[in-house]
Amino acid sequence: MVFPGKVMLISVHGDPLARLGGIQSGGQNVYVREMARALDSMGIQVDVFTHWSDPGLPRSEPLGRKSRVIRLTGGSKGFHSKHQMFGMLPMFVKELIQHVGNPCHYAVIHSNYWLSGWVGLQLQKILRIPRIHTSHSLGTVRKDAIGTKGNEPLAVRLRVEREVLKKADRVIATTPFEEKILKKHYFVPNDNISVVPCGVNTELFRPLKNSKLDRRFSDQERKTVLFVGRFEENKGLGVLLKSFKILKEKYPLTAARTRLVIAGGDCLELPLNALSAEKKQYLKFIGENRISELVEFAGPLKHEDLLAYYNDASITVVPSYYESFGLVAVEAMACGCPVIASRTGGLRHNVIHGKTGLLVEPKSPEELASAINFLLTDEKARKQMSAEAAIHGKRFSWLKVASQISGIYREVTGWKEKYDPKSQDISWLQI
Ligand code: UDP
């Protein structure tokens, strides 16, 4: 017997099929895409509603066998910063309602991030069906990490976030750290929280026997330190660049045999005057501190391409100021690449200090430089961590995630039959 009704998965600013690595497309896009596909393979039909940010993409696209992505304009097609999207949401709700059949085909709403949470809340009131919510990032944590700067409407966000969380039938925390914040700062009751981690596509992200694939950076003489992420201050790329300046001054022998490869951010093809403010800032720092021979930009990469980068890298660094989960760390580990990460948020749980990598103080370029130097000079320790990382990374799987999430859908809709993995086609996923 299949789940009674469809899942309405709302991800306003995170199109699951968008190109990854840009300013606004990262972990949430991956989460929605992989979970929808995994649920679909279990026979659960999902409609993902997202903003039509890329006019080059069609209004609707399949995602799995029966599921699909539906793009809504919110009154204005084309890219909009998520910080400016709140005002578009009422229109988004109106458009979304047109997709609800009569009687309603949806059994449950699953909202992602506070913007989609607001949309989900309105639909929850109108349709009177349960809603579960995944936050991806929380306003209070962001505020603690970077303060009130930036153009996000923080006061609105915090107010909406509280209501979105309070009125959800279940809140998903992706780590015990997030669970703590939800209880302490948002007063979400214990019974209303389920801790379900994010996953990793372990069929794709795996150690390769022959990792030197045909690509620009396969210079065997120099070891690669890899950064993968959006160009946003809280991702800590500025701190990582400072640590390379220190590496060059304090550990010149290591620096001479190392390169920092940066994946994500601006396209390589962009002219200088079209670069983002962040990239311009990084280039300025690199030029002023004469570390350009140490740094290479790879531009945004697809997951299929990242596989080679994670495999070629000696270390992946995740220097974020905060990170609610940190998919990059888990993907790198699944490829057998040790991770140096900030001791913060989800990274604290996902990277095992001294075993699968090292945890360092956030915003400390000195500590980061010394950790990088350590792992690049102690090959025995690095190899041991690489083996442990590969074992640890394999534990995360989207099918496990989707199976837990579907259990929650069943609980909140009052439909309790156990999921039987043997009855479904799950050949594309690894358990
Ligand atoms: N990513 C990618 N290509 C890039 C940069 C990033 O595919 O050039 C992906 C990365 O592999 C990961 C996601 O974007 O799956 C980033 O997720 P994470 O949780 O690390 O950070 P977030 O974007 O959620 O802050």
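**View 1. Residues 26-203 of the predicted model.** Over residues 26-203, 40% of the chain is helix and 18% is strand, with the end C-alpha atoms 20 Å apart. Helices (H or I, at least four residues) and strands (E, at least two) are DSSP runs numbered from the N terminus. An unreviewed UniProt entry places the feature "domain: Glycosyltransferase subfamily 4-like N-terminal" at residues 26-203; such annotations may be inferred rather than shown by experiment. Numbering starts from 1 along each chain as its sequence is written. As the model is predicted, local features need pLDDT of at least 70 and side-chain atom pairs count only at pLDDT 80 or more, while totals for chains, interfaces and linings use all residues.

**View 2. Packing of helices α1 and α15.** Helix α1 (residues 27-41) packs against helix α15 (residues 398-413) at an angle of about 75°, and their axes lie 9 Å apart. Axes are lines fitted to C-alpha atoms over the stretch in contact, and angles run from 0 to 180 degrees between N-to-C directions. The two helices α1 and α15 are therefore roughly perpendicular (65 to 115 degrees). On α1, E34, M35, A38 and L39 meet W398, L399, V401, A402, I405 and S406 of α15, with contact meaning C-beta atoms, placed from the backbone, within 7 Å. Eight nonpolar, one polar and one charged residues make up this contact of α1 with α15.

**View 3. The shell around the ligand.** L20, G21, G26, G27 and L327 come nearest among the 20 residues around the ligand, where a residue is near if its C-beta atom, placed from the backbone, lies within 6 Å. Two or more shell residues come from each of α1, α10 (303-312) and α11 (327-334).

Notes:
Angles under 35 degrees count as roughly parallel, over 145 as roughly antiparallel, 65 to 115 as roughly perpendicular and the rest as oblique. Two residues are in contact if their C-beta atoms, placed from the backbone, lie within 7 Å. Ala, Val, Leu, Ile, Met, Phe, Trp, Tyr, Cys and Pro count as nonpolar, Asp, Glu, Lys and Arg as charged, and the others, Gly among them, as polar.
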